[in-house]
Amino acid sequence: MADLEDRINESQKMGMQIIKESEDDRLMTLSVGPQHPGSGHFRFVVKLDGDYIVHCDPDPGYVHRGEEKMTEYRNFIQNIPHLERPVIHDSTNITYSYSLAVEELTGIEVPRRGQFIRAIASELNRQVYTLYWLAIYGIFLGHSTMFMWPTGDRELFIDLLEALTGARVTHAFNIPGGVRNDVPNGFKDRCLRQISYYEKRLKEYEDIFYNNPLVRQRTEGVGILTKEDAIRLGVTGSVLRASGVPYDIRKAEPYDVYNEIDFKVQYMKTADSFARAYVPFLDMRESCHILRQLLDKMPEAGEVRAKLQANPRGPPGEAYRRVESGRGALGYYIISDGTPKPYRVKISVGSFRNMLALPHLLVGAKMGDMPVIYWALNYWPVEADR
Amino acid sequence: MSSEANHSNNSNNNFVIISNEFNKNNPEITTTLAPPNSRHDHPLVSTFSSSSRLASPPLTKTVGSPGSPSTPLRRKEPEPPAFEKGIASEISANFGQMVQIIFIKPLRIKLAVEPPNIVKVATFLRDNLGYDHESVAGTDYPKDDQIEVIYHLGSYSREDLAGQVLSIATRTNRDDARLPTLINVYKSVEYHERETFEMLGVYFEGHPRNERFLLPEDWADIPPLRKEFRIKGR
């Protein structure tokens, strides 16, 4: 020790500055993303003490497109194609609540058949999104079968949506007043056939992935988000339902025809990463029941959209409407000043709200658990940035 | 500033067209319409003054307790539903003139409060009524020289409030936009208020990080959601 002090004194005489080891020097700062394949277009900076994360600071905005500003330059109809860009894998749901809000502002009524087709497209798209998410979650757990299977089965729903809307991912299908076009011939049978196949596949998913002891070991008990914290942090969607809060907008504030559909809100009480990964799976299974009912109850014939004036507009006012998307409540707050263009559009998305849970869950966790926690949050960076 | 003047002219022209359309459909409405070019043609001012006009167009909207089958309601009469009215009267019984009730619609209530009172009102809504936070939206009103920040509150904890959205609006001066933060009431407003800070330039007093969030690090322009910020080429 004396030797060290001598050396320090000697160095100071020579004019050197001695920096003593502080708490900060022990920590390693690591930037996860935005090029990291595991983060999406998103970065979060973590500080590591050995294996443990002691600090986490999310840094979104790499895909911020100014969607809210862009809406102020276009009329209510022109806004639809660009508003679905934040989450193209769930493009029907992100334009759903927009259409609902515009309908409330302009006083447009949707024909009954249009309401059913909308709900069907929305449920099909929920499957597409959740399968995509499940594929990514599988590959980041090192389970490459769970990457291949959902990616393959997702094509079935994409094909269905292509038959319905004409486009594979960006549909621009929902419009204020209904949907753009009617269902093609034989759509109902085709849909039912694929759902029965898909329900068999879901059983296989459960066996190979959710009942896999390795997957359970990696996810169970990791990243506990208690019910109180989930409410306090304002998370939504599957993250909220995995923490034991049975909250689903389709049940809480039924829109269009959802009040005629019999379904249960899927939730779990274990509040760990496994629950957050399993609740979307339960949602997919429940969504199949919803789809069957919707196809069964859909009127055989009728209008699919209301007649709109060239530039729909309503009296000055405001509307806030929400739907349940693949990532939770998706709300639009629209202020109209009476012109065909909205005065202000605020998109309240689930990903942005779930982001606050990320530092809460990562601090204190091991770096190796980072992908397990991060991807179970159902976070879609592009949607959060808007 | 010239582009802004153009914008207001456009909106006035459209306003006249709308009032004509409404003349045909509903003669009552014209009485509540403000003349163009007055201060009342502002969207929010007119919302404040005439709630009957807002309620007049036929709307399909589901009402009733969550989960129960309900029929679409044509909202023709301006009479607000009893449940929402009860909540609103509970709030006004506690705060009186401090809280101004802007509208009561099925599943939606809007309140306006002065900035110094917002923390007190939000604490009451959280502790006594069981509201949890959902979203924050800021809107720029250059004609009033004000910025409005609105907090949308939903509820996870109370089942009968699940479909309800209560919004508290508060307004601040555009030149020196400062508001007290709600972060001590609702932890979940943290990123929303940070976004409002950079997008509209509203400084939240007491917020730990009034910093850049979504915009590029080298952003050196005015806050983009202010109305005088124009997209290039538009």
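The entries below go from confidence to helices and then to sheets.

**Ground rules.** I am working with a predicted model, where local features need pLDDT of at least 70, side-chain atom pairs count only at pLDDT 80 or more, and totals for chains, interfaces and linings use all residues. Residues are numbered from 1 along each chain as its sequence is written, while chains are lettered from A and ligands numbered from 1 in the order in which they are written.

**Confidence.** I began with the complex, for which the predictor gives an ipTM of 0.84 and a pTM of 0.78. Then I checked pLDDT, the predictor's confidence in each residue, from 0 to 100. Chain B has a mean pLDDT of 71, with 66% of its residues at 70 or more.

**A helix pair in chain A.** Next I looked at helix H6 (residues 112-140) of chain A and helix H7 (residues 145-165) of chain A, whose axes come within 8 Å and cross at roughly 160°. Axes are lines fitted to C-alpha atoms, for helices over the stretch in contact, and angles run from 0 to 180 degrees between N-to-C directions. H6(A) and H7(A) are therefore roughly antiparallel, a label for angles over 145 degrees. On the H6(A) side I noted Leu124(A), Val128(A) and Leu131(A) among the residues that meet H7(A), whose own include Phe157(A), Leu161(A) and Leu164(A). The residues of this contact split into 16 nonpolar, 5 polar and 2 charged. Ala, Val, Leu, Ile, Met, Phe, Trp, Tyr, Cys and Pro count as nonpolar, Asp, Glu, Lys and Arg as charged, and the others, Gly among them, as polar.

**Two sheets in chain A.** I found an open sheet of 3 strands in the order S1-S2-S3 (chain A), paired antiparallel. Its edge strands are S1 (28-32) and S3 (52-59) of chain A. Strands pair if DSSP finds at least two bridges between them; S1(A) and strand S2 (residues 43-49) of chain A have 5. Val32(A) has Phe44(A) as its bridge partner in S2(A).

Another open sheet of 3 strands runs S6-S7-S8 (chain A), again with antiparallel pairing. S6 (317-325) and S8 (342-348) of chain A each have a single partner strand, so one side of each is left without a neighbour in the sheet. S6(A) is joined to strand S7 (residues 328-336) of chain A by 9 bridges, and Glu318(A) stands opposite Ile335(A). Helix H5 (residues 91-106) of chain A packs on this sheet, touching S6 and S7 of chain A, and its direction makes about 150° with that of S6(A).

**Strands in chain B.** Finally, I turned to strand S1 (residues 99-105) and strand S2 (residues 108-113) of chain B, which pair antiparallel over 6 bridges. They form a hairpin with 2 residues between them, and Leu107(B) in the turn has a positive phi of about 70°. Which way does S2(B) pair with strand S5 (residues 165-173) of chain B, parallel or antiparallel? I read it as parallel, over 5 bridges, with Arg108(B) partnered by Val165(B).

Terms used. Helix = DSSP H or I, 4+ residues; strand = E, 2+ residues; numbered from the N terminus. Parallel < 35°, antiparallel > 145°, perpendicular 65-115°, else oblique. Contact = placed C-beta atoms within 7 Å.
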